[in-house]
Amino acid sequence: MSLVMSFTVKNLLPATICSIRSNFPSSIHKYSTGPSKTSSNVLDHLTDWETLSKNRKTSKAMKAYLERAKEHDEFMKRQHLEFNIGKRHLANMMGEDPETFTQKDVDRAIEYLFPSGIYDPAARPLMKPPEEVFPARKAAEFDEAGRPHHFLFYTGKPSFFKVLYDAAEHIQALNKFEDKVIRKKATPDPNGSLKLEGSVWLTKEQLEQSLVESIKEIEYENFKVVMERLVSSPYAYLCKDFIEKYRKPLAMQRFALEIPKPSYDEEGRAFITTYECLRKKARGEVTIRYPGSGKISINGKDITYFEDIQPREQVMFPLIFSGMQNSVDVECHIEGGGPSGQAGAIRWGIAWSLRSFVEKDMLEKMQVAGLLTRDHRRRERKKPGQPGARKKPTWKKR
Amino acid sequence: MRVPAIYFYYLYFLACLQLRLGLSYLRHYSTAPKPLQENSTEDVKLPVNPLEHPDYFQVHNLFTVKDLFDARVHYGHKEGSLNDYMRPYLYGSRLGHLIFDLDITAEHLRKALNFAAHIAYRGGIICFFNRNAMNSHKVERTAKECGEYAHTRFWRGGIFTNANYQFGAVTRLPDLCIFLNTQNNILNQHTAVRDSAKMLIPTIGIVDSNCNPNLITYPVPGNDDTPVAIELYCKLFKEAILRGKAERMKLLQEVN
């Protein structure tokens, strides 16, 4: 078994190590060879005319590119082979069928065999198909004669500057359109307006990713200035498609988690139980019953379970906030921690359960009020050499 | 009998002008478009070598001096900013502003247009340059429309001189650089002018009265700031390049 293990791990390693990103110059690209030309006396002295001269020359740029592409192809082929072998060994190790071993299984196996406590998932060991591990290559940016495809190629950042160029083009078109409307003494179309509230401009990183080009801070600022200017036109809705390509909707992840449907008990009342209500060292579960009369039971007692006012307020807050204090019953079991931790855990549990019983706009309000946010703070450890986590001994000069 | 008399008057007039300006050069006297020289491909079967033809692409009829005047090409900068090397191209000064001699400009511009057309004819890469934000979009559009290249942005050092590193691969550089202004700002010359000279890339440049024409292969004295003037240059260069390309297509079809 140990023999197999070492062999497997050895085969596993190449693909695992592959996660180190490396820069490879360029990639495969299909190019068409033009029709072959016949010779002519006129053309003989046109030496630099690759596409015409009798003995067609491929430009130096293309030659170098083809060489690189070939090298890269071979490299990828090798990586593929190693990956497939590694995958089979992994499947054998896990005692599964190598034929039906999917990428999901691979990930699971790697997580099992190489447990890692590293916080950033990107730094954990991985085994993925080589095309995912090695960055995508740009296709050849020039033709056989060495002529670049993009008219802004020599700027070094053609896609980025093309965006600016297109934006300027749109601004000019809109200005022209506005002039025309004014000349006709018409008014802007009230229906056609751009709704930009729910979205923001792509961040620098996102823009870089979408353009496959690195841009500088000042260039990103320029991008934003140009786009803002485009948007400021009253007729900006005419180039909505262009604008929306560079905007990203604000995260709607708050309700991405599905709100559970309540179950019904034998009395026909709807109820929701939230398990694992955590805060500090307290943990518990909260059950909400609807309709109810505002009864609260905490570990069998009522709200007087808490002796102080503040934890009581904490518990009541989500009910009062949502106006449900008289229409639901709350039942919770809580243990561990102190009063404030328990109260916080119950508060979150009640708010979390109430999601199933309130309207959408109330949900929105609860989100804004921070009721649906878990409080992950824990006690900070005491440090040696000082009396508390942060507290220092009294400083005396002499 | 009359013609010589007029001619002498003209010479006398020129002499006066030269005295007035203290300039010692020969004046060129072409304003109106010359009668077209027939492309010999039409009447003679033998294909002519375009390089031996004085104006194979008929760039001569693209513009007149009147067009240049209307586009305000004759306005230079103020007297104080004059670059000494621009002295031969001046007509004089009016209210402290220098005025270009459009006859000379026309001559230079035609040479430049002819050269650009030839480069396009031979499949060369042409790159337009301009660092004036007001005009840069126009220049980029021109480049796009005639299927050539433009660089109107911040010039990263080494794009020409260290191209293989900058582009991460062996790269073919332009065969002709057209500068619609040769200055980065009022003080510095565009680095690409120097770099083109280093890399033996021929250049065409619109040089204003405050620019140095020394490193430009085909300097064209004229106003390089006014949008109207830039528009005219763009139009002319585009037309010349398109003519070169049209000829090229014709030849390609003949050969195949």
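Contact here means heavy atoms within 4.5 Å, while helices (H or I, at least four residues) and strands (E, at least two) are DSSP runs numbered from the N terminus. The model is predicted, so that local features need pLDDT of at least 70 and side-chain atom pairs count only at pLDDT 80 or more, whereas totals for chains, interfaces and linings use all residues. Residues are numbered from 1 along each chain as its sequence is written, chains are lettered from A in the order in which they are written, and side-chain values use heavy atoms, with hydrogens and water left out.

Select helix 10 (residues 339-354) of chain A, which lies across strand 4 (270-279), strand 5, strand 6 and strand 7 of chain A and runs at about 145° to strand 4 of chain A; axes are lines fitted to C-alpha atoms, for helices over the stretch in contact, with angles from 0 to 180 degrees between N-to-C directions.

Next, show the open sheet of chain A, where five strands follow the order 3-4-5-7-6 with mixed pairing, two strands being paired if DSSP finds at least two bridges between them. Strand 3 (263-264) and strand 6 (296-298) of chain A stand at the edges with a single partner strand each, so one side of each is left without a neighbour in the sheet.

Then select strand 5 (residues 282-290) and strand 7 (residues 329-335) of chain A, which run antiparallel and are joined by seven bridges. Within strand 7 of chain A, A:Asp329 stands opposite A:Arg289.
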